[in-house]
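User: I have a structure open and would like to go through it piece by piece. Can we start with the pockets?
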Amino acid sequence: MLSLQPIVETATPEFSQAWQLYEEAFPPEEQRSFAQQQSLLANAAYQFFIIRHQEEFAGLLGVWQLPESTFLEHFAVVTTLRGKGIGAGALQLLVKEKRQPIVLEVEPPLTEIAKRRISFYERLGFHLNDFEYRQPPYAAAKPWVKLQLMTYPEKVVTPDLEMIKAQLYKQVYGQAV
């Protein structure tokens, strides 16, 4: 059985497992610091979930509630459990729970890993949007990261993507638009 369990504080074994996976799964430029993550847990627009499969820790989801969509900021499954339908199941649970469009960032399809990741999301109904997008830095010393946006259940038109980008920059990254 698969479930999503919200985590509201960092002083738990579940958060420790999730944080270890987070640090392994994402490059440093795509990570928040522990202190940033800790303070983020108090933000009503943000939810940090652990994925449980058969009562065991299986992954994590970092999710933002934006005015007209849900933004999946971070998503990772434990390496030994990848390819077993857990990630797909977790995303299906998220789609069912949120009942609104979902947006996420992916690396451009320039490497085999990035292409496989995009294909995974496409099989679940997400669409890669051909749109200029850069992820703002999480800290002053970190770079802007060239990424692309994927959306569910449909591809969106440029004016809508501009609105989504503005919401992400302001609410998620704290950048002036």
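User: Which residues lie nearest the centre of the largest pocket?
Analyst: Phe 75, Ala 76, Arg 117, Phe 120 and Tyr 121 do, out of 31 lining residues. This is a predicted model, in which local features need pLDDT of at least 70 and side-chain atom pairs count only at pLDDT 80 or more, while totals for chains, interfaces and linings use all residues. Residues are numbered from 1 along each chain as its sequence is written, and side-chain values use heavy atoms, with hydrogens and water left out.

User: What counts as a pocket, and as lining?
Analyst: On a 1 Å grid over the protein atoms alone, a pocket is an open set of points where a 1.4 Å probe fits, with protein on both sides within 12 Å along at least five of seven lines. A lining residue has an atom within 4 Å of a point.

User: How much space is in the largest one?
Analyst: About 760 Å³. The volume is the space filled by probe spheres set on the grid points, which are joined across faces, edges and corners.

User: Which helices and strands supply at least two residues of that lining?
Analyst: Strand 4 (70–77), helix 3 (86–98), strand 5 (102–106) and helix 4 (112–123). Helices (H or I, at least four residues) and strands (E, at least two) are DSSP runs numbered from the N terminus.

User: How many of the lining residues are nonpolar, polar and charged?
Analyst: There are 17 nonpolar, five polar and nine charged. Here Ala, Val, Leu, Ile, Met, Phe, Trp, Tyr, Cys and Pro count as nonpolar, Asp, Glu, Lys and Arg as charged, and the others, Gly among them, as polar.

User: And what volume does the second largest pocket have?
Analyst: About 190 Å³. Its lining has 14 residues, with Glu 68, Pro 101, Val 156, Asp 160 and Ile 164 nearest the centre.

User: Which element gives the most to that lining?
Analyst: Helix 5, with four residues.

User: Staying with helix 5, which of its residues are buried?
Analyst: Leu 161, Ile 164, Lys 165, Gln 167, Leu 168, Tyr 169 and Val 172. Buried means under 20% relative accessible area, exposed over 50%, and partly exposed in between (1.4 Å probe, protein chains only).

User: What do they pack against?
Analyst: Strand 3 (56–65), strand 4, strand 5, strand 7 (133–135) and strand 8. Contact here means heavy atoms within 4.5 Å.

User: How far apart are the end C-alpha atoms of helix 5?
Analyst: They are 20 Å apart, which agrees with the 21 Å that 15 residues should span at 1.5 Å a residue. The expected span is 1.5 Å times one less than the number of residues.

User: New topic. Which members of the largest nonpolar core touch the most others?
Analyst: Leu 72, Phe 75 and Leu 168, in a core of 58 residues. A nonpolar core is a set of buried Ala, Val, Leu, Ile, Met, Phe, Trp, Tyr and Cys residues joined through side-chain atoms within 4.5 Å.

User: Now the loops. Is Pro 67 buried or exposed?
Analyst: Pro 67 counts as exposed because its relative accessibility is 60%. Pro 67 sits in the loop between strand 3 and strand 4, and beyond four places in sequence it is in contact with Gln 167 and Gln 171.

User: Which peptide bond is cis?
Analyst: The one from Tyr 152 to Pro 153, with omega near 10°. Pro 153 is in the loop between strand 8 and helix 5.

User: What is phi for Arg 99?
Analyst: Near 50°, a positive value in a residue other than glycine. Arg 99 lies in the loop between helix 3 and strand 5.
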